[in-house]
Amino acid sequence: SASSSYYKSHYNFSNEREDVDEWLIRSTALILGEDETQQEEECSIKSGLPSQCASMQEYLYHARSVMKAWTHWNSRNTLGYRRDARLTVEVIFKRVLYVITHEETTTADAAEISELRPMLVSLVNIIIDAWANGNDVNEEAVAHTEGWLHFLQTGEMMDEIEEEKSLVVIGPDEESYRGVVKAYIRTQKRIYLEKALTLLEEMSSSSNHPNTIYPSTLTYNLVLYGLANAQPSSKKNAEIAENLLQKKMISSSEGEDCVPDSNSFRQVISAWTKTGSRYAIEKTDEILNQILNDFPNIDPDASTFNAIMTLNLRLGRVEDAISVFNKMVAMHESGRIGTQPDIYSVNLLLKAMTRQRQHNQRQNLNEA
């Protein structure tokens with residue numbers, strides 16, 4: 001068929017996945033309304049719902065399945081076509097909007113669109129995630145995620161100039177914001193880390209809005225990860241990370257979706273250890289004790305303890321590094337299974353014991 005031959009030539013599918021790829025090609029053509037019964041030079045776009053879809057809901061469910069399939073296919077093909085696959089899901093969604101808002105036989109009013117809102121938001125979130133999860137998240141990817149968040153907020157397409165909005169305002173959900181935050185963090189650029197912090201603040205400070213959307217633990221953890229891994233590492237990054245943990249996640253009333261987890265504490269501890277300062281020792285001990293005393297259901301994992309041990313060794317605090325390891329073992333033996341040491345923990349212990357033995361040998365020689 002015209003559509004099938006186009007997608008095959010454009011995406012260069014391999015024979016080993018021909019059945020799955022053929023379904024993806026035909027399903028994409030169905031959503032886009034392409035008439036595959038005609039010859040290639042006569043291929044046209046059908047109006048309204050495809051005959052295979054009995055209702056708008058069925059059409060939207062099918063569109064979501066196809067868009068998810070494209071993003072899954074995109075993740076399996078690391079040698080190219082990533083940008084094209086992401087653009088494909090955008091084309092599919094724009095076709096969905098056209099069917100909803102322009103076709104005489106399917107045009108939905110504001111009330112009907114409101115009922116379709118959860119599905120429409122989920123479709124846009126698929127697009128945002130597709131751009132945020134790419135191998136190379138750059139300025140173009142960020143611009144696309146921002147553009148689709150803007151669409152959810154205003155109903156306006158940023159790449160199209162129209163006299164009126166293309167659709168009533170759908171409104172983003174927490175996942176929409178999270179996808180944009182992920183794109184910001186994955187650029188690994190300071191300017192986008194600042195934008196992630198700004199967006200997070202906009203969400204968490206809109207308590208007077210009737211449809212307040214609070215950041216979830218997953219969204220906070222993305223920002224904490226960005227702060228912990230920002231280059232160059234700085235005390236300021238660690239302070240911001242700890243402030244988010246203590247004031248926005250632990251002490252706030254932003255709902256059950258905002259409680260800290262093991263990853264939250266790990267990222268803040270990591271941010272402090274990467275400063276390499278002696279003050280960081282005090283802060284990491286303070287946070288670790290907070291987990292042990294105030295959060296009995298949270299087990300700091302081996303990488304959390306390893307980061308603290310590494311900092312102690314870097315600062316020459318050999319006995320403290322050994323003490324951290326012993327604390328990890330004691331916690332594990334007390335029933336907190338998540339604190340089990342890993343091979344890296346054991347290597348750090350051996351390094352600490354070696355340095356301790358060497359220090360004792362030098363001290364004995366000096367006393368002799």
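**A short tour of the rings and helices**

Phe-93 has a relative accessible area of 0%, so this residue is buried. Keep in mind that the model you are looking at is predicted.

**Phe-93 and its partners**

- The structure contains six aromatic pairs.
- One of them joins Phe-93 and Trp-148: the ring centres are 5.5 Å apart and the planes meet at 80 degrees, so this pair is edge-to-face. The cut-off to remember here is that planes over 60 degrees apart count as edge-to-face.
- Where do the two residues lie? Phe-93 is in helix α4 (residues 82–101) and Trp-148 is in helix α6 (residues 139–154), so their pair ties together parts that are 55 residues apart in sequence.
- Trp-148 has a relative accessibility of 5%, and therefore counts as buried, because buried means under 20%.
- Ring pairs also bring in Phe-151, which forms a cluster with Phe-93 and Trp-148.

**A second ring pair**

- Trp-272 and Tyr-279 make another edge-to-face aromatic pair, with 5.5 Å from centre to centre and 80 degrees between the planes.
- Are these two residues buried or exposed? Trp-272 is buried, at a relative accessible area of 1%, whereas Tyr-279 counts as partly exposed, at 36% relative accessibility.

**Helices α11 and α12**

- Two packed helices are described by the angle between their axes and the distance between the axes.
- For helix α11 (residues 262–273) and helix α12 (residues 278–294), the angle is about 165 degrees and the axes are 9 Å apart. That angle makes α11 roughly antiparallel to α12, because angles over 145 degrees count that way.
- The crossing of α11 and α12 is left-handed.
- Which residues make the contact? From α11 come Phe-265, Val-268, Ile-269, Trp-272 and Thr-273. From α12 come Tyr-279, Ala-280, Lys-283, Thr-284, Ile-287, Gln-290 and Ile-291.
- Sorted by class, the contact of α11 with α12 has eight nonpolar residues, three polar ones and one charged one.

**The whole chain**

- The protein chain has 15 helices and zero strands.
- It has 368 residues, of which 47% count as buried.
- Among contacts in the protein chain with a separation of 6 or more, 67% come from residues 24 or more positions apart.

Definitions and conventions: Residues are numbered from 1 along each chain as its sequence is written. This is a predicted model: local features need pLDDT of at least 70, side-chain atom pairs count only at pLDDT 80 or more; totals for chains, interfaces and linings use all residues. Side-chain values use heavy atoms; hydrogens and water are left out. Axes are lines fitted to C-alpha atoms, for helices over the stretch in contact, and angles run from 0 to 180 degrees between N-to-C directions. Helices (H or I, at least four residues) and strands (E, at least two) are DSSP runs, numbered from the N terminus. Angles under 35 degrees count as roughly parallel, over 145 as roughly antiparallel, 65 to 115 as roughly perpendicular and the rest as oblique. A crossing is left-handed if the near helix is turned anticlockwise from the far one by less than a right angle, and right-handed if clockwise. Contact means heavy atoms within 4.5 Å. Ala, Val, Leu, Ile, Met, Phe, Trp, Tyr, Cys and Pro count as nonpolar, Asp, Glu, Lys and Arg as charged, and the others, Gly among them, as polar. Rings of Phe, Tyr and Trp (its six-membered ring) pair if their centres lie within 6.5 Å; planes under 30 degrees apart count as stacked, over 60 as edge-to-face and the rest as tilted. Buried means under 20% relative accessible area, exposed over 50%, partly exposed in between (1.4 Å probe, protein chains only).
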